[in-house]
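Subject: Structure for you to look at

Hello,

I am passing on a structure that you have not worked with before. Please open it first; my notes on what was found follow below.

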Amino acid sequence: MAKALTSSLISAFLEMMAAERGASVHTLDAYRRDLEDYASSLTAGKADPVSASDVDVRRYMSELGSAGFAPRTQARRLSALRQFHKFLYSDGYRNDDPSSNIDSPQQGQTLPKFLSIEEIDRLIIAATNHPGIKGKRLLAMVELMYATGMRVSELVELPFAAAARDPQMLIVRGKGSKERLVPLSDPARDALRDYLEVRDAFIPSDKSNGHADRPGQSSYLFPSRGKTGHLTRQMFLKMIKDLAIEAGVPPSKVSPHVLRHSFASHLLANGADLRSLQKMLGHSDISTTQIYTHVLESRLRGLVQEHHPLATRAIG
């Protein structure tokens, strides 16, 4: 009975996150996994989400540390628990929040990994030389990601309508279904235009109307024959890992998120300000964007060395 109650509480919480906060499918899946793991720990300690005390929450966090989970992962799990218990409290399932006084694990600042401009150029050259219609699609996706810094989920879920008329700006729907405008570079527009000429080849045939030899319809810019109807994040990851090998870039260094970090780092290094970058990346809080300030610090040191009259003065 306790297991059924726990399952129903987790489902109710996820429904709230989807309806009220616009959480994506990927975010909901992550919350479900984290909360089910937490629930298993509570069951082993003969507790459940309604009866759990702060001792139970601390024990679970201690288990994560003993199992070797990184502080960042522990902090993410604790964030999920806090939101879950806050929901249980606000909806009257319990009259307190056992997670409210639990301290987050100490984390060192992890600097974002990014590619050099030369490595990005090698990726783009390799994509340009990739043959056939898949090469046109690959180049369009890489150019779009590097030109806009969008998340991989935003890229693969782009609607066809967003790019049907050779746009200078793209409307991107991000976390919480919030929309933002991002500018397109000329190379990205050119690659997108070339891809649109062959896009129909990726749309499943329209068998329902007896035309197995004709493409059907798709609302996605990057359609696929899979269940999602669009190219998946996993497939794009494989595509750019293979591309990295062709370009002579270590595939371990390349991922969709690294392309996003590269966009942000290169933009800042060339004079963009944090507020503009925040808007383009779709960060709700400027503090999230501040992970890129290491680039600003490096650029400012270079400016001081180059222009400050005392930077190069002789001593002695």
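A term before the findings: Ala, Val, Leu, Ile, Met, Phe, Trp, Tyr, Cys and Pro count as nonpolar, Asp, Glu, Lys and Arg as charged, and the others, Gly among them, as polar. By that scheme, the lining of the second largest pocket holds 7 nonpolar, 3 polar and 6 charged residues.

Please keep in mind that this is a predicted model.

Overall, the protein has 316 residues, of which 41% are buried. Its secondary structure consists of 13 helices and 4 strands. Among contacts with a separation of 6 or more, 56% join residues 24 or more positions apart.

Back to the pocket. The volume of the second largest pocket is about 360 Å³. In total 16 residues line this pocket, and Lys134, Arg137, Leu231, Met235 and Met239 lie nearest its centre. Helices H6 and H9 (233-247) each contribute at least two residues to the lining. H9 gives the most, with 6 residues.

H6 also packs against another helix. The axes of H6 (residues 132-148) and H10 (residues 256-269) come within 7 Å and cross at roughly 45°. H6 is therefore oblique to H10. On the H6 side the contact is made by Met145, Tyr146, Ala147 and Thr148, and on the H10 side by Pro256, Leu259, Ser262, Phe263 and His266. Sorted by class, this contact has 6 nonpolar and 3 polar residues, with no charged ones.

Regards

Definitions and conventions
Residues numbered from 1 in each chain as written. Predicted model: local features only at pLDDT ≥ 70, side-chain atom pairs only at ≥ 80, totals over all residues. Heavy atoms only, no water. Axes fitted to C-alpha atoms, helices over the stretch in contact; angles between N-to-C directions. Parallel < 35°, antiparallel > 145°, perpendicular 65-115°, else oblique. Contact = heavy atoms within 4.5 Å. 1 Å grid on protein atoms, 1.4 Å probe; cavity = no way out; pocket = protein on both sides within 12 Å on 5 of 7 lines; lining within 4 Å. Points joined across faces, edges and corners; volume = space filled by probe spheres on them. Buried < 20%, exposed > 50% of the residue type's maximum accessible area, 1.4 Å probe, protein only.
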